[in-house]
Amino acid sequence: YRDDDDINDVASMAGVNLNEESARIMATNSDLVGTQIQSCKDEPFLAAIPLHKRILEMAKKLGITDVPAEVVTFISHATQNRLRTVIEKVTVITQHRMESYKDDEWYEQATDVRSQLKFFEQLERLEKQRKDEQEREILLKAAKSRSRQEDPEQARLKQKAKEMQQQELAQMRQRDANLTALAAIGPRKKRKLDSPGLLTVGGEGLAMSGGSQAGLGTPSSRQYARQKITRVNLRDFIFYMEQERETSHSLLLYRALLK
């Protein structure tokens, strides 16, 4: 039967000695044999002592007098995981809010609220200007009237017209003074754009390079990429709490809506 086993043994047919291969593998990884691998130190996310005190205060209400340190560590890790989940979801909501579909060929702009608001603001401005002109004409007519028997209302209009004329005269004088000062100063020179990495101190340029060397007046050659910042506002958090089952009817959501 030994001959039959040798024929059926694939390793023997290939000319591979398993004992020699095992000895060679053990000799190659001899430095790893007997070594002890330790995990990283388990550092809690929250401060252990204040968290333990808080847990004990809540546990005493339920008749529990002792809380092990493992429970504090577990709650700290659970808080970290929960906070990470909330930040990830709110970040996704913020990124969706900041997305712009103006350049997307699959979307067509139906309404432009900003243009509509500008149009209404322009209408209000024209209406206010028309009312101011009417009031100014009334005051000028009252100021030009020379009736001997003047009622108190006519006297009040004359006084108001006089104040309006004085105010307009003061504005004209201020405008003329500004124009005279600008003409005396001359045309303003365009300020040169500061080169990236150039720090101006006392009129001298100090270029901070990527390494430890720094030169005076020599701009840095390295262009640092600006990191994209995702800004989360209260509206994003409110939308997140409305979508979550745990916070959709919570008191925290109602307080956030009242702010």
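The second largest pocket in this predicted model comes out at about 170 Å³, the volume being the space filled by probe spheres set on grid points joined across faces, edges and corners. A pocket here is an open set of points on a 1 Å grid over the protein atoms alone, where a 1.4 Å probe fits and protein lies on both sides within 12 Å along at least five of seven lines; lining residues have an atom within 4 Å of a point. Its lining includes Arg-82, Phe-237, Tyr-240, Thr-247 and Lys-259. Helix H5 (69–98), H8 and H9 each give two or more residues, with H8 giving the most, four. Helices are DSSP runs (H or I, at least four residues) numbered from the N terminus. By class, the lining has seven nonpolar, one polar and two charged residues; Ala, Val, Leu, Ile, Met, Phe, Trp, Tyr, Cys and Pro count as nonpolar, Asp, Glu, Lys and Arg as charged, and the others, Gly among them, as polar.

As for the helix pair, the axes of H8 (residues 234–243) and H9 (residues 251–258) come within 10 Å and cross at roughly 150° (lines fitted to C-alpha atoms over the stretch in contact, angles from 0 to 180 degrees between N-to-C directions). Leu-234, Ile-238, Met-241 and Glu-242 of H8 meet Leu-252, Leu-253, Ala-256 and Leu-257 of H9, with contact meaning heavy atoms within 4.5 Å. That makes seven nonpolar residues, no polar and one charged.

The largest pocket has a volume of about 420 Å³, and Tyr-101, Lys-102 and Arg-114 are among the residues lining it.

Residues are numbered from 1 along each chain as its sequence is written, and side-chain values use heavy atoms, leaving out hydrogens and water. Local features need pLDDT of at least 70 and side-chain atom pairs count only at pLDDT 80 or more, while totals for chains, interfaces and linings use all residues.
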